[in-house]
Amino acid sequence: MKRRHRSLLGLLVLAVPVIGGGIVATPASAASTVSGTVYTKGAVLNVRAGATTTSAIRGTLRDGSTVTIVCQQSGQHIKGDVRSTSMWNRLSNGLYVSDAYIKRSTTPPSCTQPVATTSPSPSPSPSTVKGTVKTNGTLLNVRYGPTTYSPVMSTLKDGSTITIVCQQTGEQITGEVRTTKAWNKLSNGYFVSDAYVVRSATPPSCPGIPAELQGWVRPVDAPGGSAFRTADRPTHDGIDFPTYKNKPIYAVADGRVIVVECNASTNNCDVDGSPQVYGCGWYVEIEHAGRIVTRYCHMVRRPSVNVGQQVKAGQVIGYVGSSGNSSGPHLHFEVHVNAPPATRATAVDPRPFMAARGVYF
């Protein structure tokens with residue numbers, strides 16, 4: 001059943017850049033590189049795949065982090081805490097941050113000019129392990145994360161050769177080769193269950209989650225459905241979790257409740273909504289460390305928490321329903337950075353955000 005969701009009634013959409021928080025660039029050996037310091041007045045800064053806020057988020061940097069800038073290139077104009085500029089800094093890992101949030105003593109070279117480097121071309125990691133898919137003729141799903149809840153990104157034929165970068169513990173699977181909780185992370189960053197892989201060596205363990213990103217959990221025990229801002233739903237600012245009514249909804253991390261409201265064009269959230277009703281129904285917003293806000297919509301009745309209440313990761317905050325703009329019971333879950341307020345401009349895709357914290361759906 002297709003679930004629909006529309007923007008909250010009466011919320012102002014602010015035209016501000018999406019910024020957010022934690023990877024530290026690896027120092028490069030180029031003599032022309034420039035060191036800089038992130039300055040965001042306590043917020044976190046998104047590290048992106050390109051020089052625009054529409055580019056994919058590949059990580060985050062804390063306020064005060066040191067970065068190594070290889071070069072600068074022109075991109076989306078951003079007004080930040082240091083300057084207003086269209087320049088973006090390419091870091092030594094090939095990713096970008098807006099120069100609007102970087103303090104530096106010198107101007108980096110332009111990316112349009114050759115950048116001197118003495119770093120050798122990277123060679124394949126000697127720790128990778130080759131494996132062969134064994135499924136007795138069926139296709140093996142390649143998933144976004146180490147769980148069957150995670151979306152299927154592609155498939156592999158029986159007998160395919162794969163390159164395993166590392167192994168991560170996930171959902172237990174009984175396959176053609178073994179019963180195991182181990183999932184193999186492939187060279188493209190996606191996962192296959194080790195239950196269907198024949199290999200001659202044991203892959204190394206995947207790196208653990210950094211301490212500052214630990215402590216996050218799933219918002220509900222259900223598979224993720226309708227995704228963030230798809231082609232057919234470009235204004236869908238979160239992920240839907242279709243499931244049954246009255247299933248518990250959990251705070252995904254420690255934080256403070258900042259919103260508990262009924263948001264529906266009918267002004268009644270104690271009954272099922274419909275696609276013709278506008279609004280989020282009964283919903284909660286929680287503010288977490290680093291100016292992160294999470295939103296939980298369409299609850300069956302008034303939430304179990306109050307504004308100002310401190311909550312812990314995994315604490316029940318309400319129950320799944322179908323209030324507001326909804327065609328069936330589900331949780332609509334959003335993540336916002338550089339918030340509050342939580343607006344369309346601050347919304348980010350929950351899937352990669354939570355995956356960086358070890359939570360997949």
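Which residues do ring pairs link into a cluster? The cluster consists of Tyr144, Tyr190, Phe191 and Tyr360, joined by ring pairs.

This is a predicted model, in which local features need pLDDT of at least 70 and side-chain atom pairs count only at pLDDT 80 or more, while totals for chains, interfaces and linings use all residues. Residues are numbered from 1 along each chain as its sequence is written, and side-chain values use heavy atoms, with hydrogens and water left out.

**Overall make-up**

The protein chain has 1 helix and 23 strands, where helices (H or I, at least four residues) and strands (E, at least two) are DSSP runs numbered from the N terminus. Of its 361 residues, 46% count as buried, a term that means under 20% relative accessible area, with exposed being over 50% and partly exposed in between (1.4 Å probe, protein chains only). The chain exposes about 16,300 Å², of which carbon and sulfur atoms supply 51%; accessible areas come from the Shrake-Rupley method with a 1.4 Å probe, and for residues only the protein chains shown count as cover.

**Aromatic pairs**

The structure holds 7 aromatic pairs, including the two in the table below, where rings of Phe, Tyr and Trp (its six-membered ring) pair if their centres lie within 6.5 Å, and planes under 30 degrees apart count as stacked, over 60 as edge-to-face and the rest as tilted.

| Pair | Centre to centre | Angle between planes | Geometry |
|---|---|---|---|
| Phe191 and Tyr360 | 5.8 Å | 75 degrees | edge-to-face |
| Phe241 and Phe361 | 5.1 Å | 75 degrees | edge-to-face |

Because Phe191 lies in strand β13 (residues 191-193) and Tyr360 in the segment after α1 (350-355), their pair ties together parts that are 169 residues apart in sequence. Phe191 is buried at 1% relative accessibility, and Tyr360 is buried at 14%. Phe241 belongs to strand β15 (residues 239-242) and Phe361 to the segment after α1, so this pair ties together parts that are 120 residues apart in sequence. Phe241 is buried with a relative accessible area of 0%, and Phe361 is buried with 1%.

His330 lies in strand β22 (residues 330-336) and is buried, with a relative accessible area of 0%. The side chain of His330 makes a polar contact with that of Ser326 at 3.4 Å, a polar contact being a pair of N or O atoms within 3.5 Å; within protein, one must be able to donate a hydrogen and the other to accept it, and residues adjacent in sequence count only if both atoms are side-chain atoms.
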